Each structure stands twice: as structure tokens, then as C-alpha cells.
Amino acid sequence: MTHSLTLRRPDDWHLHLRDGDMLRAVLPETARHFARAIIMPNLVPPVVTSADALAYQARILSALPEGMTFEPLMTLYLTEDTEPDDMRAAHASGLIKAVKLYPAGATTNSASGVRDFARVQPILDVMAEIGLPLCLHGEVTDSHVDIFDREAVFIDTILDPIRRATPGLRVTMEHITTKDAVEYAREQDDSLGATITTHHLIINRNHILVGGIKPHYYCLPVAKREEHRVALVEAATSGDTRFFLGTDSAPHSDVLKENACGCAGCFTATNTMSILVQVFDQQGALDKLEAFASLNGPAHYKLKPNVETITLTKTPPTYPEKIITGMGEVTVFDPGFPLEWSVTS
């Protein structure tokens with residue numbers, strides 16, 4: 001029986017840090033364990049230009065507590081008016097590592113996203129040419145499509161046509177939630193990767209709805225049936241290089257989560273590594289955790305893995321139930337079972 005595990009320091013390939021007081025409060029929760037993270041650009045207003053990205057990067061670094069090391073990997077928010085030359089220059093300078101595509105209205109602060117996908121095809125062509133990855137929130141927003149089917153429909157009607165129209169484009173299917181997405185990813189070449197969140201490995205839609213609505217389990221894409229959760233666990237623990245960690249940790253103050261129209265997002269930055277190691281341990285796959293958390297993501301983004309390491313020990317950890325921020329309290333994701341592993345170094 002394994003009681004200690006050392007792996008290369010992990011990265012988070014999908015992270016929301018917000019801005020201002022919220023940024024200053026939640027950034028240490030990620031930087032404590034993670035070396036790098038792909039930073040989501042859906043601020044208000046969104047990060048759409050290289051100047052926006054440079055300014056946001058500076059705010060993140062200025063919020064990093066002394067003694068902590070962390071590299072924010074910046075992205076641009078794709079709009080139908082994105083300037084190809086600005087994007088090209090930002091990538092060439094090393095400032096941005098990806099561009100994020102939100103279908104308009106799909107999730108938090110996505111109103112500026114894409115409505116007419118034909119209008120962004122020239123941008124995607126440039127991205128394929130220069131090797132700049134595209135990160136996708138993979139859901140359609142058509143009102144006639146059931147919310148639990150929106151990922152599968154997106155794959156068939158938007159993602160696959162984009163890939164066929166844009167050979168060579170590197171694509172990240174973000175926060176996949178369905179067996180359909182797992183199967184699609186497994187059929188593709190190494191130009192496609194897929195992130196899986198911590199919370200989608202733990203909860204299904206019953207956790208949100210049975211016995212009363214649980215607002216801190218509500219996220220987008222919404223958790224699906226148990227068969228889909230099982231498929232995600234199998235993919236994450238398989239060692240398949242297409243799958244890697246993107247927490248989609250998304251802080252909202254409790255007052256915004258616990259109301260008549262609660263915000264979507266689970267805040268998992270604080271305890272993700274303790275949860276993940278327990279999931280992998282239960283699957284008899286501790287030897288696959290380093291690939292999922294520390295190796296597959298850098299390979300997809302053409303970056304080197306981290307040299308530093310972290311050690312996890314089978315000792316029950318202590319985590320706060322809430323993080324205090326200048327925007328109010330933020331509830332830390334509760335996996336619903338006692339955690340057995342701690343990050344000890």
C-alpha cells in the first residue's frame with residue numbers, strides 16, 4: 001500500500017482568477033500547489049487584445065504573495081472582431097499561450113463570445129499557421145437543445161466541422177463532461193487534447209438536485225449522468241496523453257451562488273490535489289496521476305514539464321470551508337467524503 005507519492009509539480013490548464021479583491025484572495029490557493037495555469041480571459045470587460053493580456057498578467061503577478069512562485073499563462077478572448085495581427089504579435093512575443101472561444105451566452109461573462117462561427121474562421125486559419133492553440137467551451141447555446149445534450153451537439157455541429165476546416169489547428173476541449181467527448185477525443189490525433197475538472201470526477205447531476213438544490217455543485221457545463229462521470233474517471237486515470245487536468249476552478253462569492261439565479265462554478269483550487277490523489281488511489285492508478293496532472297498538459301501546449309516536485313502523503317488534510325475575500329466568502333468545493341491525502345511538500 002502506497003502512503004507517499006512524489007510527482008512533478010502540477011499545472012492547471014483551465015483556471016479562473018477573476019480580478020481585484022477576488023484575484024488577491026484566490027491566487028494563493030492555486031500558487032500553493034500549481035506552478036502554472038492557463039488563465040481564463042472572461043473578465044468584465046474581457047481580455048481581447050495583447051494590451052489587455054499584458055495588463056492582466058501584471059495584475060496577477062502583483063497579487064502573488066512574496067515567497068510564492070507561479071506563472072500565469074495568458075489567453076485572449078476570441079471575438080468576431082479579433083485582430084489577427086495583434087494576436088499574431090502577442091503569440092510571437094510569448095505573451096499568450098492560447099485563444100479562448102466562448103459561444104455567446106454559454107457561461108459566465110460570455111456575452112462577447114462567438115455567434116457566427118464563419119466570421120472567426122480566418123482567425124482560426126492564422127492560429128493553425130502559427131501554432132497557437134484554441135481552447136473551446138464546448139456547448140451549443142440553442143434554446144431548443146437540452147442543457148444536458150449541449151456538449152454532444154457541439155461536438156457534432158461545431159467542433160468537428162472546425163477541425164475539418166482547419167487542418168493543423170491545435171484544440172483543447174475544455175472541461176469535458178460526457179462519454180461522448182471522451183470517445184471523440186480518443187479518436188483524434190495528438191493535435192487535440194481534453195481537460196477534465198476535479199469536480200466532474202466527483203459529482204453527477206444527482207449531487208446537484210437530489211434532496212434540494214446544491215448551488216455549490218452547480219457549474220457549466222453542468223454535471224451529467226453517472227455513466228458520464230464514470231467515463232471521465234476512466235479517461236483521467238488511463239494514462240492516455242489526450243487527457244489532462246484543467247480544474248475550471250471558478251470562485252464566486254456565496255451571496256452570488258446562493259440566490260434565485262446562482263452563478264455557475266465550483267471553487268476547487270484549494271483542495272484539488274488531495275481530491276485527485278484519492279480518486280486515482282481508489283482506481284489503483286496512482287502511477288498515472290503524474291501524467292494527468294503534470295505531464296500531458298505541457299506536452300499538448302508544447303512546453304516542458306516542471307522540474308520542481310510536490311509530495312503527497314496519506315495523512316488526512318485540513319482545509320478551510322471558506323476563503324475570505326473582499327467580495328465576500330467563497331465556499332471551497334466539498335467532495336462529499338473525508339479526504340485522506342495531504343500535500344506535505
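Aspartate 248 lies in the loop between β9 and α9 (254-257), helices (H or I, at least four residues) and strands (E, at least two) being DSSP runs numbered from the N terminus. The model is predicted, so that local features need pLDDT of at least 70 and side-chain atom pairs count only at pLDDT 80 or more, whereas totals for chains, interfaces and linings use all residues. Residues are numbered from 1 along each chain as its sequence is written, and side-chain values use heavy atoms, with hydrogens and water left out.

Although aspartate 248 is not a glycine, its phi is positive, at about 55 degrees. With a relative accessible area of 7%, aspartate 248 is buried (under 20% relative accessible area; exposed is over 50% and partly exposed in between, with a 1.4 Å probe and protein chains only). Histidine 175, in the loop between β7 (171-174) and α6 (179-186), also has a positive phi, near 40 degrees. Its relative accessibility is 1%, and histidine 175 therefore counts as buried.

Two cis peptide bonds are described here: one runs from valine 44 to proline 45, with omega near 0 degrees, and the other joins leucine 220 and proline 221, with omega about 0 degrees. Proline 45 is found in the loop between β3 and α2, and proline 221 in the loop between α7 (205-209) and α8 (226-236).

Eight strands form an open sheet with parallel pairing, in the order β2-β3-β4-β5-β6-β7-β8-β9; strands pair if DSSP finds at least two bridges between them. The edges are β2 (12-15) and β9 (243-245), each with a single partner strand, so one side of each has no neighbour in the sheet. From one strand to the next the twist averages 30 degrees. Strands β2 and β3 (residues 36-39) run parallel and are joined by two bridges; leucine 15 has isoleucine 39 in β3 as its bridge partner.

A second open sheet has three strands in the order β1-β10-β13, with antiparallel pairing. Its edge strands, β1 (4-8) and β13 (342-343), each pair on one side only.

Helices α10 (residues 272-282) and α11 (residues 289-300) pack at about 140 degrees, with axes 9 Å apart. Axes are lines fitted to C-alpha atoms, for helices over the stretch in contact, and angles run from 0 to 180 degrees between N-to-C directions. The two helices, α10 and α11, are therefore oblique to each other (angles under 35 degrees count as roughly parallel, over 145 as roughly antiparallel, 65 to 115 as roughly perpendicular and the rest as oblique). Met273, Leu276, Val277 and Phe280 in α10 meet Leu289, Phe292 and Ala293 in α11, contact meaning heavy atoms within 4.5 Å.
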